[in-house]
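Here's a quick briefing for anyone opening this one up for the first time. Have a look at the sequence and the structure, then read on.

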Amino acid sequence: MKRLLLIFTLLSLVLSAGAQRNTATVSGYITDSESGETLLGAGVLVADGAKTPTGAVTNVYGYYTLTIPKGSTSLQYSYVGYSGQTVQLNLQRDTTINIILSPSASLEEAVVVAQKDAGIQSTYLGAIDIPLNQIMNTPVVFGEADVLKAIQLMPGVQGGNEGFTGLYVRGGGADENLILLDGVPIYNVDHMLGILSVFQTEAVKKVTLYKGSFPARYGGRVSSIVDIRTNDGNMKETHGSIGVGVLTEKVHLEGPIVKDRLSYSISGRGLHTLLYDPIIRAAMGKGRYGNYFFYDLSGKLTWRLSDKDRFFLAAYSGKDKMGIQFEDDENSALVYEEVDQAPTNYFFRTDMGIGWGNNVASLRWNHIFSSKLFSNTTVAFNQYKMLMHMGLRTQQNNEKTQFDVDYNSGIRDWSAKMDFDYVPTPAHLVKFGAEYTYHTFVPETLTAVMSETINDQTNGEGLNYRSPYESYVGHDIALYAEDDFSIGKHLTVNPGLYASLFIADGKPYFNLQPRLSAKYALDNGLSFKAGYARMAQYVHLLSSFSISLPLDLWVPITKNIKPVTSDQVSAGVYFDGLPGWEFSLEGYWKHIDNLLEYKDGTIVLGNSMGWEDKVEMGQGRAMGLEVLVQKTTGKLTGWVAYTLAKSDRIFPDGSVNLGRRFPYKYDRRHNFNINISYKWGKHVELNAAWIFASGGTTTIPLRRTVVLAPDFIYNPDGNGRSQVLQAADFVEERNNYRLPPSHRLNVGVNFLAGTHWIFNVSVYNLYNNMNPNLVYVDYETAKASDGSYYTQPVMQKVTILPIMPSVSITFKF
Amino acid sequence: MKKQLSIIALLLAATGCINKVPIDFGEVTPQLVLNAQLMAEEDEQAIYLSESTLATIKPLQGAEVTVLVDGKPYATAVEADEVEQDNRYASAYRFQGGFPAGSQVKVTAKKGSWDAWAQAEVIPRPVISAVDTLRSMERDIDYSYEVFQVKITFKDLPGNSYYRAGVRANHLITQVGFNGEISEIPVTSELAMSGSKDPVLGGATAGMSIFNLDKTYLAFSDEMFRDQEYTLRLTINSDRLYPFYYVMADFAPSYFLISTSLVPWLESISREEFDYLNALNNLENFGYTAQVIVEPTTLPTNINGGLGFFAVRNRTEAASVALPPVRIDYYYGTEDEQHAGQQ
C-alpha cells in the first residue's frame, strides 16, 4: 500500500515537473456577489477555441485550480442561476483569481465545462447533483421540503416505506447509505419515524448523490453516498427567513460578524407541539400528559482568516421525544367498597418516554499550500443516542412500590480527516487523503430497578438488574487516492483506491477498495461511461420494522460479524447535446457480501440481549436499468426517471429462509417518477410529482399446518409419551407475496408576493390513493355457502398518509 | 419493551386508515399434513395426519398408513378410535416398533388422491461417557431454592452431527391423608430446557426467565467440538422441577411426598430436524401465527406430496440420579376441616 502511494506521488511530481516549464496555474474561490457564499461546482473553461477543451470546477469548498499553457487566454466562469464572467489575461505565472458571480434571472444553462464532479459531464457513473430548487419545490407530505424526499425521486433510489425518508439504493438497505453533513456522517437522519429528515433545506447549499462508481475519497457504506454541504453564512448582509407550516415552525438567520471575514448561519426548526407543550400539559389536566415533538438546531461560523486560510465551526443538534404520563388516585374507594374494606389512600402513576437524536460538531480548516495544492482538515464529534424509559409508582397507604426500566442505545464518534486536491498538470486532478475515526458503540443496555417500602422502611431486597454492559470500540483508519485525468480529446479516466483498516473486538479487518470509471465523450454530446467500485462497510443498522424506528440498533462488526462488502459494475450511455436537456441510460450489477439479516423468528427486542445471536450473514445481488431525462433550463424544469430493477438475498447457513434465495423486501420491479416545476410569470411556481412503484414483497402464510413439538409436558399416568400438536401458519418462503403497486400525485403552488413573502399550498397524495405503510396478516370469520363458518386470513394495510393538504408561509428578509 | 413497541404500532394504526388488501391465494386445495417423530428404540410410535386448507386444519381420518424399513413393509399403523384430547388438529395412527441404527425408515399415507411419504435414516445413538450432578442453593429476592446441575459428557459422532439433550424427571408422588391413607401416583415430565445463547456456549436451564431467550428444544450442532469429547451443562432449579398439578386420590391430603429421579438423555438428530426444531423455537417464542413485529419463520417440511415433518431419533439415556424426597404440606379449608379429613 505504501509502495503504491509512493509510486503515485513520484509519478505526479515527474509529470508536474515536466509540465511546469510551459504552464501556469490559475486558482481561487468563486463566490456569490450578494452573500459571499462559495459556489460549489461552478465552472471555469478556457474559452479560446483550444482543440482540447480545458476546464475545472470548484470543489466542495468553492475552490478551483486550473493549469493551462502560459500566454494570452480567456477564461469563462459560470454557474447555474448566475451571470457568467469572462476574464482575459496574459498568464505568465501562477495566478490567483477570485471570482464573484451575480445571480441572474435568466433561466438558461451555464456554460458547459469540461469536467464536473457529478452529472453527465463527470467521469463518475450514478453521480447526480440534486438541484436545490427542486429540493425546495418538490411537493411532499405536510409541505415540508426535504432533501431525502427529493433524492427518492432519482432513478435507482427507492423510498422504502410510502412517504417516509428511507433510501434504498440499487437493492441496498437503508443503513448502506453514507449521509454526510459537511463531511461528517449522520447516523439517524429521521424525524417522526421517517416522515421528515433532519436536514433543514434553508441551510443546504449542495446535495450530491453517488450510487455507481464511487469516488475514492468516500468509503464506509456500500450502496450510496449523499454529500450535503451547508451554507457558510452571508458575509455581506444579514438575511433570514421565518416559516410556519402545518407541522413545523422554522427560522433561519445568517449574516456577517465582520464583513467579508467572519459570518454566522443559524437554523432552527421545531414541531408545533414543542412550542405548545405547556399548553398541552395544562389542557390534559393533572396527572395526564402525552406529547411528541422534535427539533433541529444548527449553526455555523465561517472565518476567512486570510486568502490562504479559512476556518469553519459547525454544530447540529436534533432530537425527537415522545412522552406519556398517567396518574390516578381515584379508584381505591370503588375497589375496596366491593370487599367491605374501608377505602384506602391509593396512588398510581406510570410514565413512559422515548427520546432519540444526534449531536454533531466539527471544526474545519481550508488551507491553500500553493496554486496547485489545496487541503481541508476536519476534526469532528458525532453522537447518536436513544433512550427509552418506563416508570411505575404505586402507593397504598404506607406501602410504596417503585419500578423503573431504562433502555439505552447509541453510537459516538471522534474523527480527524485530511483531504488534498492537487493539480500537477492540466490533465490531472489528484485527490488524496487520510482519515481516522474512533467509534464507541453501545447497541443496547437495559437496567431495571424495583423497590418496595413500608412506612418508609425498605421491604425485601428489591430488584436491581443491569444487563451486561456491552460497548464496542472501533478504530477506523483509511487512506485514499484518485486521479481524474484526460487521455486525448475524448477519453477521461478516474482510477482510485480506498484502503481501510477497521479494528473492532480485537480483530483487524483490512479492505482494499479499488475504484475505476472511464468516460468516452464524442463531440456531438454523446458519451459512454463504464465503471467498477468495491466498497466496504463496518457498521450495520439492525432494523426489523418496515419504518424507521428509534429502536433500530447501530452495531459494529465484531470478531464474528464481518464487514459488508460490495462489488458493482455499471455502464451507460448519455446525451447532453440538446441545450437544456440531459438524457442518460445506465445499467448496473451489484453483489453484496456479509449482509446482515435477522434470523427467522426474531425481533429487535426479544427476550435476549445478544444481537449477534439474532442475525446471520449472507449475500445479496442487485441489477437494474435506469433511465433519466432532465430538463434543466427554461420555465419548465424537472425530470422523468424510470428504473427496472431486481434484488434478492440468500443466507446459506439456513437460519434465514432455510438457506434458500428470496426476493429482497424492497424488490420493486418498476419505479417511475415525474417531477416538474413550472414558473408561471414572476409570482407563481407550480410543482408536481407523480410517483409510481411496483409492490414490494411481504411474507404471508398460504395455508395452515400442524407442527409437532417434541415431548416435554408431563404425562399424568406415567405411560408412554405425550407429544404436542399445534396449528400454525405455514410459511414456505420469506417475502413470498408481492404487494400491489403504489402511486400518488403530489402538487404544490408557490405564490411569491414581492421579494419577502412566499405562500405555499400543496396537496400530498392528491387522489387519495391508499398506499400501504404497514401490511400484516389478520384473520376474519367468513360464512361458507352451506351456512357454516370458517376463518380465513386477510391482509390488512395501514395507510398513514392519505390525501394531505398543507399550507405554509415564509417571510424572507 | 414489547409493550412500548406495541404502543408504537398501535399509535401508527390509530393514526392511519386500515383497509384490506385483496390477496390472491390462487386455488388452495386441501393438503395432507403428516407429522411423526419416531424413536429408534422399541416403543409405541405415533404418526399424526391432518388436512390443511387456507385457514383451517383438522384431523384426517380413514387413511392407510404404512411403515417400511429398508424398503420392506414393517408395520401398518392403526388409527386411534377417537381424536385424542389435546390433539384436535390431527388423528393419531399408532404402531409398535423400533429401528436399528443405519436403517432407512419410510412412512406412507394414502387417502383418496392423497399419496404422501417421507423417509429418514436412523442416526447412530450417541454414547454418554459420563454424567455428573451437583447440588447447590441459590437465592432470589426473598426465597431460596435448590439448583441441580447435570453435566453430560459424550464423544461427538463422525461427520457433521446434531443433537438434542434434556432431562426427564420421574416423580413418585405419594399422597398421605389425615387418616394415614396412602396413594402413589407416578408422574413423568420432560423438563423444558432453555438457554440465553447456543447451549454449547452457555448451557441450558429448565424453565424460562424473562431475560432469557427461549430455546425450548435444545437442539445444537457439533460445530464447536467436532470429533471431540464435549460436556453439556444443564441446570435445573427446584422451583421449576416439580409438576404444577397432578391428579389427586379421592381423599383429602395432609401432605405429599415427592420422590424424584432425574434421567439425563441425549439424542442424535438429523440436520433437517435441527432446522425444524429451531423453527419450532421461533414459533414457540412469538406465537404460531404471523405477527407484524416478528421476522417470519420459514417452516421446513420433508414430506413428499404433503406438508409436515418426519424424523427418527435415537436416544441414549444415562443412569437416573435420585434426588432427596421433598415433603409438601397441603392446606385447604379450615384447620378443623383439615383434621376432619373434609374438603
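**A first look around**

B:Pro124 sits in the loop between β9 (114–121) and β10 (128–140) of chain B; strands here are DSSP runs of E with at least two residues, helices are runs of H or I with at least four, and both are numbered from the N terminus. Keep in mind that this is a predicted model: local features need pLDDT of at least 70, side-chain atom pairs count only at pLDDT 80 or more, and totals for chains, interfaces and linings use all residues. Residues are numbered from 1 along each chain as its sequence is written, while chains are lettered from A and ligands numbered from 1 in the order in which they are written.

**More on B:Pro124**

- B:Pro124 has 16 other C-beta atoms within 10 Å, so it counts as partly exposed (buried means 20 or more such atoms, exposed 12 or fewer, partly exposed in between, with C-beta atoms placed from the backbone).
- Leaving aside neighbours within four places in sequence, B:Pro124 is in contact with B:Ala101, B:Leu157, B:Ser268 and B:Asn314 (contact means C-beta atoms, placed from the backbone, within 7 Å).
- From B:Pro124 to B:Thr29 it's 95 residues in sequence and 39 Å in space, C-alpha to C-alpha.

**Chain B overall**

- Chain B has four helices and 21 strands.
- Of its 343 residues, 38% are buried.

- An open sheet is made of three strands in the order β48(A)-β49(A)-β1(B), with antiparallel pairing (two strands pair if DSSP finds at least two bridges between them).
- β48 (774–783) of chain A and β1 (17–21) of chain B are at the edges with a single partner strand each, so one side of each has no neighbour in the sheet.

**Domains and cores**

- Chain A splits into domain 1 (2–101), domain 2 (127–230) and domain 3 (239–699 + 736–771 + 801–812), with bounds from an automatic or database domain assignment.
- The largest nonpolar core has 96 residues, and A:Ile135, A:Val147, A:Ile151 and A:Trp554 touch the most other members (a core is a set of buried Ala, Val, Leu, Ile, Met, Phe, Trp, Tyr and Cys residues joined through C-beta atoms within 7 Å).
- Domains 2 and 3 of chain A both give residues to this core, so it lies between them.
- Apart from that core lies another, of 75 residues, including B:Ala46 and B:Phe309.

Methods. Contact = placed C-beta atoms within 7 Å.
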